[in-house]
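Below are some notes for a colleague who has not looked at this model before. They are meant to be read with the structure open.

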Amino acid sequence: MSAQTSASPANANATANAPAAITSIRPWSLAGEYERQRTVVEQLLARVRTAYLARVVAARQNGAIEGAGTVDVQPLAGQLDGAGNVIAHGVIYGIPYLRLAGGANAVILDPQAGDIGLVAVCDRDHSSVIANAGAAAPGSLRRHDMSDSVYVTTVLGATPQQYVAFTPDGIDIVSPSQIRLAAPVIVLQAQNAIGLTAGTQITDSAPGIELDGAITQGEGPQGGAAKMAGPLTVQQDVTAAGTSVHGHDHHDSCGGTTSAPL
């Protein structure tokens with residue numbers, strides 16, 4: 001809740017000198033019916049919370065994949081007393097956070113401790129809805145209370161080390177550890193070229209590997225020896241060191257030339 005302040009003879013001077021944003025009751029607040037009504041409305045609106053920025057103090061998952069969890073957050077825009085002193089908010093515990101999902105599909109990007117994000121406040125007590133995972137009566141008669149918050153998304157965070165970036169030049173998928181694709185069928189399709197570059201090695205493992213197209217090895221800076229366990233079946237000729245394996249001639253010990261290999 002926002003701090004509510006009121007003027008009294010003891011702090012009349014402080015209230016008179018305070019900026020209008022600090023206190024809702026000012027010396028002229030009771031000057032007429034309009035000002036009195038305005039003051040009442042301002043005090044009531046001050047009790048209505050809509051959204052705020054908060055720091056994630058702790059985050060808990062229901063499972064890395066199974067479902068979104070909860071976070072503990074501390075609102076960052078402090079409260080003000082009648083003299084303009086900042087009073088820090090306490091921690092709000094166990095509020096749900098948003099996970100972008102639809103049906104059996106989801107983008108799993110859960111908040112972590114230290115994130116600063118946007119928190120929305122629901123207009124009714126939704127604790128029963130969360131407990132039942134469905135329609136339910138309000139858990140209490142509270143309204144626009146920060147206890148009924150939902151962490152929506154991170155707004156201020158550290159420079160990402162792992163990300164998907166949509167840029168004018170294309171899409172980048174970057175990870176400092178591993179990128180894993182898992183599906184019954186994975187199709188990589190490019191109109192022009194597909195490039196694979198690795199620091200140590202590229203491993204293809206399958207009961208059958210089919211290559212359809214010309215293969216070139218050894219012309220680049222990473223060229224080297226090729227080794228195959230075999231057996232190797234070649235439907236056409238093989239050229240080794242500029243010599244045809246199938247079409248070259250042999251010479252006998254007497255200087256004659258034999259027929260080409262059959």
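1. A term is needed at the outset: strands, labelled E, are DSSP runs of at least two residues, numbered from the N terminus. The patch lies on the surface and is formed by Val-164, Phe-166, Ile-171, Ile-173, Ile-179, Leu-181, Ile-186, Leu-188, Ile-194, Leu-196 and Ile-202. Together these residues have about 1200 Å² of accessible area.

2. Ile-173 sits in strand E11. Is Ile-173 buried or exposed? Its relative accessible area is 55%, and exposed means over 50%, so Ile-173 counts as exposed.

3. The model is predicted, and confidence should be read along with the coordinates. The average pLDDT of the protein is 79, and 80% of the residues score at least 70. Over residues 1–23 the pLDDT stays under 50. For that stretch the model has 37 contacts beyond four places in sequence.

4. Some overall values follow. The protein has three helices and 13 strands. It has 262 residues, of which 16% count as buried. Among contacts with a separation of 6 or more, 47% are between residues 24 or more positions apart.

5. Which strands does strand E1 (residues 51–60) pair with? One partner is strand E8 (residues 116–121), in the antiparallel sense and over five bridges. Here Ala-54 has Gly-117 of E8 as its bridge partner. Another partner is E2, which runs antiparallel to E1 and is joined to it by six bridges. In that pairing, Ala-59 has Val-71 of E2 as its bridge partner.

6. E8 pairs with strand E9 (residues 149–156) over six bridges, in the antiparallel sense. Val-150 in E9 stands opposite Ala-120. E2 pairs with E5, again in the antiparallel sense, over three bridges. Val-71, the bridge partner of Ala-59, also stands opposite Ile-95 in E5.

7. How many salt bridges does the structure hold? There are four. One of them is between Arg-60 and Asp-72, whose closest N and O atoms are 2.7 Å apart. This pair links distant parts of the chain, with Arg-60 in strand E1 and Asp-72 in strand E2 (residues 70–75), twelve residues apart. Arg-60 is partly exposed, at 36% relative accessibility, whereas Asp-72 is buried, with a relative accessible area of 8%.

8. Asp-110 and Arg-99 also meet through their side chains in a salt bridge, at 2.7 Å from N to O. Asp-110 lies in the loop between strand E7 (105–107) and E8, and Arg-99 in the loop between strand E5 (92–96) and strand E6 (100–102), so the pair ties together parts that are eleven residues apart in sequence. Asp-110 is buried, with a relative accessible area of 13%. Arg-99 is buried as well, with a value of 14%.

9. A further salt bridge joins Asp-148 to Arg-142, with the closest N and O atoms 2.8 Å apart. Asp-148 has a relative accessible area of 0% and is buried. Arg-142 is partly exposed, with a relative accessible area of 30%.

10. Two points of backbone geometry deserve a check in the viewer. Where is the cis peptide bond? It joins Gly-230 and Pro-231, with omega at about 5°. Pro-231 lies in the loop between E11 and strand E12 (239–240). The other point concerns His-144, which is not a glycine but has a positive phi of about 50°. His-144 lies in the loop between helix H3 (127–132) and E9. With a relative accessible area of 25%, His-144 is partly exposed.

Technical notes: Residues numbered from 1 in each chain as written. Heavy atoms only, no water. Helix = DSSP H or I, 4+ residues; strand = E, 2+ residues; numbered from the N terminus. Buried < 20%, exposed > 50% of the residue type's maximum accessible area, 1.4 Å probe, protein only. Contact = heavy atoms within 4.5 Å. Patch = residues over 30% accessible without salt bridge, like charges linked within 9 Å, V, L, I, M, F, W, Y side chains within 5 Å. Areas by Shrake-Rupley, 256 points an atom, 1.4 Å probe, with all protein chains shown as cover. Pairing = 2+ DSSP bridges. pLDDT = per-residue confidence, 0-100.
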